[in-house]
Amino acid sequence: MNSAIKVSRLCKSVTTQEGELSILNGIELDVKPGQSVAITGPSGSGKSTLLGLLAALDTPTDGEIWLDGAALSGLDEEQKAALRKDKLSFIFQSFMLVDTLTALENVMLPAELAGVKDARQKAEAMLERVGLSHRLGHLPKQLSGGEQQRVAIARAFISEPKVLFADEPTGNLDPVNGTKVADMLFEMNRESDTTLVLVTHDLTLASRCSRQLIMEDGHLSESDVGVEESASRIEQPLKEAQA
Ligand SMILES: Nc1ncnc2c1ncn2[C@@H]1O[C@H](COP(=O)(O)OP(=O)(O)OP(=O)(O)O)[C@@H](O)[C@H]1O
Ligand SMILES: [Mg+2]
């Protein structure tokens, strides 16, 4: 079977004032179409960096990524932008809404760029699904953190992507809205066979995915012990360090 995402020997380092900082060290990954993958792991371990590379938003220092069989290193910026528009969606940890556009306009934007005719109706329906019908005309700064997150989720869903990357999609939501958003993610995964790659600290969300991976210090491994046990392995030294 073809891979939705394939990664080989992926490395990312950056130059800082203190010298070269190695963030990702030889990541290997193979995700099949329609799989749902949770990536957990401590803060600063490289989860968001990996997601940015997979979504062609950032370039690796070494190694290769193939999306739907196409090597990202062989694409120029224009081709990467086209790939993102046609096949990928990204829910950012920091939402990345356009400040000057209303909730409705933010959600409509990708649909309009993709030439969808009934973009407004689709955007309204999507915002209704995330419980924001009463906030269509609000600018991001007039929305709470959880409301902004739900706008970002509606925006990611509207283009019906083949692969959806989400960085802490339920991080700012109360349990009721968190469950609602998780239900939407898995509905899309089931109904449209959308491949999901989720970074999350939410163990309930992680356990709903078909695979659980753990990032530790720039190394990615398959979790064979279950997310809860690995989380306690990660949290234990943290608690000890805080004590
Ligand atoms: N452009 C950059 N320049 C310097 N350091 C960076 C850069 N990007 C990331 N880092 C560092 O790399 C490490 C990994 O960052 P990353 O954002 O991927 O972590 P994370 O696993 O997503 O953490 P969190 O759970 O807190 O979101 C962090 O220590 C961060 O400070
Ligand atoms: Mg992060």
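Tutor: Start with helices H3 and H5. H3 covers residues 103-113 and H5 covers residues 145-158; their axes come within 8 Å and cross at roughly 20°. H3 and H5 are therefore roughly parallel to each other. The cut-offs are these: under 35 degrees is roughly parallel, over 145 roughly antiparallel, 65 to 115 roughly perpendicular, and the rest oblique. Axes are lines fitted to C-alpha atoms, for helices over the stretch in contact, and angles run from 0 to 180 degrees between N-to-C directions. On the H3 side, the contact uses Ala103, Asn106, Val107, Pro110 and Ala111; on the H5 side, it uses Val151, Ala154, Arg155 and Ile158. Contact here means C-beta atoms, placed from the backbone, within 7 Å. The residues of this H3 and H5 contact split into seven nonpolar, one polar and one charged. Ala, Val, Leu, Ile, Met, Phe, Trp, Tyr, Cys and Pro count as nonpolar, Asp, Glu, Lys and Arg as charged, and the others, Gly among them, as polar.

A word on the model and its labels. It is predicted: local features need pLDDT of at least 70, side-chain atom pairs count only at pLDDT 80 or more, and totals for chains, interfaces and linings use all residues. Residues are numbered from 1 along each chain as its sequence is written, while chains are lettered from A and ligands numbered from 1 in the order in which they are written. Helices (H or I, at least four residues) and strands (E, at least two) are DSSP runs, numbered from the N terminus.

Now bring in H4, residues 119-129. H4 packs on H5 at an angle of about 135°, with the axes 9 Å apart. H4 and H5 are therefore oblique to each other. Their crossing is right-handed. Lys122, Ala123, Met126 and Leu127 of H4 meet Ala154, Phe157 and Ile158 of H5. By class, that contact has six nonpolar residues, no polar ones and one charged. Ala154 and Ile158 also belong to the contact of H5 with H3.

H3 and H4 complete the set. They pack at about 125°, axes 9 Å apart. H3 and H4 are therefore oblique to each other, and this crossing is right-handed. H3 brings Ala103, Leu104, Val107, Met108, Ala111 and Glu112; H4 brings Ala119, Arg120, Lys122, Ala123, Glu124, Met126 and Leu127. Nine of these residues are nonpolar, none is polar and four are charged.

What lies beyond the helices? A sheet comes next. Six strands form an open sheet in the order E6-E7-E8-E3-E9-E10, with mixed pairing. Two strands pair if DSSP finds at least two bridges between them. E6 (88-91) and E10 (219-222) are the edge strands, each pairing on one side only. The twist averages 20° from one strand to the next. H5 packs on this sheet, touching E6 and E7 (163-167); the direction of H5 makes about 175° with that of E6.

E1 (residues 5-16) pairs with E2 in the antiparallel sense over ten bridges. E1 and E2 form a hairpin with two residues between them. Thr16 stands opposite Gly19 in E2, and Val14 is bridged to Leu21. E1 also pairs with E4 (residues 62-67), antiparallel, over five bridges. Ile5 has Leu67 of E4 as its bridge partner.

The shell around the ligand holds Val14, Thr16, Leu21, Ile23, Ser43, Gly44, Ser45, Gly46, Lys47, Ser48, Thr49 and Gln93 (C-beta atom, placed from the backbone, within 6 Å of the molecule). E1, E2 and helix H1 (47-54) each give two or more residues to this shell. H1 gives the most, with three. By class, the shell has three nonpolar, eight polar and one charged residue.

Definitions and conventions:
Contact = placed C-beta atoms within 7 Å. Left-handed = near helix turned anticlockwise from the far one by under 90°.
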